[in-house]
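Colleague: Could we go through this model together? Please begin with the charged side chains.

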Amino acid sequence: MSLSDGKSPPQGRERTDPELASGSERNSSDALGVANGSPHKVSLDQAGNPANEQSPLLRASQSDDEGDGLLDDGTALDHHDEYQVTKSVWYLIILTISLGGLQIAWSVELSNGSPYLLSLGLSKSLMALVWIAGPLSGTLVQPYVGVRSDNCRIPWGKRKPFILGGAAATIVSLLALAWTKEVVSGFLGIFGAKKDDPGVKVTTIVVAVLFVYVLDFAINTIQAAIRAFMVDCAPTHQQEAANAMGSRMTGIGNIIGYCFGYINLPRYMWFFGDTQFKVLCVIASICLSITVAISLIFIKERDPREEGPPLRDKGGVVSFFKGVFNSIKSLPPQTRKVCEVQFFAWIGWFGFLFYLSTWVAELYVEPFVEANPDLTPEEIDRLYEKGTRIGTFALLVWASVSLAANVLLPFFIAPTYDAPFVPSAGQVTQSIHSQSSSSSYTTRFDRFLERLVIPWLSLRRAWTISLIMFGLCMFSTLIVPNPTIATIVVGIVGIPWALTIWAPFAIISAEISKRDALRRAQALNVASGGRVDTLSRDDNGDQAGVILGIHNVSIAAPQVLATLGSSLIFKFLQKPRGTPGDMSMPASLAAGGIFAFIAAYMASRLAEDGPVEGLEAARVLAARSGGRRETNASQNRRSLSRSRSFETGLTY
Ligand SMILES: OC[C@H]1O[C@H](O[C@H]2O[C@H](CO)[C@@H](O)[C@H](O)[C@H]2O)[C@H](O)[C@@H](O)[C@@H]1O
């Protein structure tokens, strides 16, 4: 079963069918799955989809006078690409839902991993070895999985095998991590070792750290594959929408993860395990399995064999790194700039994500140690425990604000891409009519949403502003006096975080998807004897996997640098635990703020992408090979298509 099962009703050229091409009746008949009076199979991705929204590479529905559409008869681009057809909200939810499942696993690891390892007896100084596993695996694994999946030619799809494999590995490592004590003592028990032998304890710690690495590698495998899967399966004009949905799923996953962390789980779910961490890992595994199964079953990937043999699949570590290095050199222009922004922004994000709860805890402890310098270590520990709980609450506030922002912000931000809608004369009349009608609920609602859109607030501008906000918040840590104000600051950071998990992915995905659409168009153009132009094979050989993998390097590698940088700051500024006036934590966060400002400056220099720039090239290519020129009428129709951005806030 698939939401995009390839058996959709005929589209593209076939949409000249008068039944399909006539205004509102056409839409409703499509939604009912009825065309030409007979029921036909409608996949869910199209059910919520106005029938007049078509692929930029599709011939427009032509019941109008001009009959020229965007593409010409007989050109290679006159080809129906079901992946460029506007998808319904349900499709986008199902496409991205596994990001939510994955985020639950992330949040369990991030919020409970350290306390669990400490409970096994790992020293705090060695914890850094564990923290570095995340950025390290993100730097190494995601480009690797990207390249391997780009080159995968399994008919089921090139991302699905990696999503499935990554999910299986994540589940096994989550469960193995939670039951490390039992596994190690059980195994060593075969050789006569006792549970509390020091050797068993040390082995348990070593094996647990190993499982954290395996877990991070597995999580990064599935994260890389899902991100590329989203680019491949959502149309170009819906990349922003797909990534907005993905960021909502991430937000929901975070909140579910944090909320479960608050409940005394062994009390209610004793059948899953006798400790909080065990039950959390089981819940995360169940959520991941269900969400991944939904995406894999209902979303149909292209058969990658259609693309011909992979460009490079030489195997070997050296050739892999050579390939990635070449890909870095030839990154698409917007993607390169986004990676540069991310590199600086994530130096700031690292400190926030890793040290935030400790900072809030220190703010809580400070007045106590100031008032009483002779507190015992046990008393100080108890104060820190309470402070850490307040810090965790601040993180929950942050995650909630971030989710709210991910849900609401898209309604205020002007979308970069429109569905390539080309209305027929009848539809224009209908549109004018509906504008003068106030009786339609949909119209009123659309108008309300339309008013919410702030025309100058593009995604790039919103991202820039959010980075400035983030930098200011990080600087404010130097003067924040108590945990309450700190929680407010942390809550505000939810807004920049919402944009961080949306904007860069949306900008890059749109660029990759656009280039991919153009590449497919070129391939078809060559097949029909036309000229190849605009992008050379060398330029556009890189696909979603490797490009998103490199983008993740720009997220993960600076975190490795930030770990080292913050260790230096701690070395010079940190005071012994329980000593008042320790400013090392805010200094480290504020240093991150400097990099956030650099990132904001670079983001402000990102070009506002021509919305149909690449698609325009495809159109020109088609016009050239067909020997026809775009008429004024079709130009007018396209500008109409642009202005639709502001007609509905439901674009996302
Ligand atoms: O991009 C959203 C994700 O950001 C974090 O992941 C990134 O950092 C990880 C290490 O801290 C790294 O392993 C991963 O490759 C990076 O994408 C965050 O940890 C995730 O929760 C979040 O979804």
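Modeller: Asp150, Arg159 and Asp232 are joined in a network of salt bridges, a salt bridge being a side-chain nitrogen of Lys or Arg within 4 Å of a carboxyl oxygen of Asp or Glu. This is a predicted model, in which local features need pLDDT of at least 70 and side-chain atom pairs count only at pLDDT 80 or more, while totals for chains, interfaces and linings use all residues. Residues are numbered from 1 along each chain as its sequence is written, and side-chain values use heavy atoms, with hydrogens and water left out.

Colleague: How far apart are the closest N and O atoms of Arg159 and Asp150?

Modeller: They are 2.8 Å apart.

Colleague: Is Arg159 buried or exposed?

Modeller: Arg159 is buried, at 0% relative accessibility. Asp150 is buried too, at 4%. Buried means under 20% relative accessible area, exposed over 50%, and partly exposed in between (1.4 Å probe, protein chains only).

Colleague: How many salt bridges does the count come to?

Modeller: The count is six. Among them is the pair Lys278 and Asp274, at 2.8 Å from N to O. Lys278 is buried, with a relative accessible area of 5%, whereas Asp274 is exposed at 58%.

Colleague: Turning to the ligand, how many residues surround it?

Modeller: The ligand is surrounded by 16 residues, each with a heavy atom within 4 Å of it. The closest are Gln103, Gly134, Asn220, Asn552 and Gln559.

Colleague: Which helix gives the largest share of the shell?

Modeller: Helix α5 does, with four residues; helices are DSSP runs (H or I, at least four residues), numbered from the N terminus.

Colleague: And what about a nonpolar surface patch?

Modeller: There is one of about 780 Å², and its residues include Ile468, Phe475, Met583 and Ile594. Patch residues have over 30% relative accessible area and no salt bridge, and nonpolar side chains (Val, Leu, Ile, Met, Phe, Trp, Tyr) are joined within 5 Å. Ile594 is located in helix α22 and is partly exposed, with a relative accessible area of 44%.

Technical notes. Helices (H or I, at least four residues) and strands (E, at least two) are DSSP runs, numbered from the N terminus. Patches are made of residues with over 30% relative accessible area and no salt bridge: like charges are joined within 9 Å, nonpolar side chains (Val, Leu, Ile, Met, Phe, Trp, Tyr) within 5 Å. Accessible areas come from the Shrake-Rupley method with a 1.4 Å probe; for residues, only the protein chains shown count as cover.
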